Amino acid sequence: NLTQWMPVADTAGFLVAYPNGLTDNLGNQYWNVGWSWLPNTDDVAFVSALIDTLHSRYNIDENRVYATGFSAGGFMSHILAAKLSTRITACASVSGGMAPGVFDTIVPSRPVPIIETHGTADGLVPYDGNTGQFASVNTDSLIHFWAVNNLCTLPADSVALPNINTSDGSTVQLFTFTGGSNNASCRLYRIVGADHLDWPGSGSGYNGDFNASVEIWNFFRQYELSDFVGIAPVAFHENHLSIFPQPANDVVNIVLDHSMMNDPSLQLSIFNSLGQVVSQTMVRPSSSLQLNVGHLTKGIYLVVVRSETVTAESKLVKN
């Protein structure tokens, strides 16, 4: 009733499956998205088995399977993007996110096209993130994570969508990250003034400046799994880049893997928690680099080193 997928599916000619999560001790359905109080069920394996079932019953095209969800389903979609990317081509989340514990440890195996749609007045999953029962990371940081993983061009192109419905109390800013590996792009629909229960295009009381289901499908339909599966992974994390000491004061040492040594120069970028570039320079390949971070304010940063073929990244904690 909220997403209104069926008119889009009937028009475009695709199947929609609405899986239900298991029920917890309080009788609430849930997805295991990394919150510590949830049962530790393997919902990724469940979705994989569901795809097998749908294929056997309806002969679906396994080269064009996509995942999208609302709220906790949006959290689950981000997890599927990272952990089931050999089966699911692209993912979209509305009012979702990623739990901090998942965000700190997850390592996607390939570029994954991603959409996140989020209201700035979301009280349950705040746009800026929170550490409460439904803990989530900052929305800008999340979409930036995917943009870096996909080797998209930074920063994003941004545009304000026409304010078609002036009575819904919200406007939309669209941020688009393009130029990714195998054209794996990312989008962020920032709905200024919208709350948690807002799936744009669902009717009266929701943002009316665009139809989320239509836009998500038009985004999905560009991609097939064969565009990505079989190509070498493009994003590497701590096993290819380590930084010490941490927390840092003035100077840190950066140790690179041998796979970064083949290019004559490397691009080293530092991003703050909002996904903004605070430093960018070209460096010569070396098994050990020194970087002065004394000018950075206290906080958590992302250090990204890029060669022509490899991207390495690691978090930096500054005192």
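How many aromatic pairs does a search of the whole structure find? The search finds 15 aromatic pairs, where rings of Phe, Tyr and Trp (its six-membered ring) pair if their centres lie within 6.5 Å. The model is predicted, so local features need pLDDT of at least 70 and side-chain atom pairs count only at pLDDT 80 or more, whereas totals for chains, interfaces and linings use all residues. Residues are numbered from 1 along each chain as its sequence is written, and side-chain values use heavy atoms, with hydrogens and water left out.

**View 1. Stacked rings of tryptophan 35 and tryptophan 37.** A pair of aromatic rings is described by the distance of the centres and the angle of the planes. Planes under 30 degrees apart count as stacked, over 60 as edge-to-face and the rest as tilted. The centres of tryptophan 35 and tryptophan 37 are 5.9 Å apart and the planes stand at 5°, so this pair is stacked. Tryptophan 35 counts as buried because its relative accessibility is 9%, whereas tryptophan 37 is partly exposed at 38% (buried: under 20% relative accessible area; exposed: over 50%; partly exposed: in between; 1.4 Å probe, protein chains only).

**View 2. Edge-to-face pair of tyrosine 66 and tryptophan 217.** The ring centres lie 6.2 Å apart, with 85° between the planes. Tyrosine 66 belongs to strand 3 (residues 66-70) and tryptophan 217 to helix 6 (residues 212-220), so the pair ties together parts that are 151 residues apart in sequence. Helices (H or I, at least four residues) and strands (E, at least two) are DSSP runs, numbered from the N terminus. Both tyrosine 66 and tryptophan 217 are buried. Ring pairs link them into a cluster that includes Trp5, Phe14, Phe219, Phe220, Tyr223 and Phe228.

**View 3. Packing of helix 2 against helix 3.** Helix 2 (residues 43-58) and helix 3 (residues 72-83) pack at about 75°, with axes 10 Å apart. Axes are lines fitted to C-alpha atoms, for helices over the stretch in contact, and angles run from 0 to 180 degrees between N-to-C directions. Helix 2 is therefore roughly perpendicular to helix 3 (under 35 degrees: roughly parallel; over 145: roughly antiparallel; 65 to 115: roughly perpendicular; the rest: oblique). Asp43, Val44 and Val47 of helix 2 meet Met76, Ile79, Leu80 and Lys83 of helix 3, contact meaning heavy atoms within 4.5 Å. By class, this contact has five nonpolar, no polar and two charged residues (nonpolar: Ala, Val, Leu, Ile, Met, Phe, Trp, Tyr, Cys and Pro; charged: Asp, Glu, Lys and Arg; polar: the others, Gly among them).

View 4. Strand 6 runs antiparallel to strand 7 (residues 171-177), joined by four bridges, and aspartate 157 has threonine 176 of strand 7 as its bridge partner.

**View 5. Antiparallel pairing of strand 15 and strand 16.** Eight bridges connect strand 15 (residues 299-306) with strand 16. Glycine 299 has lysine 318 of strand 16 as its bridge partner. Six of the eight residues of strand 16 (residues 311-318) are buried.

Methods. Two strands pair if DSSP finds at least two bridges between them.
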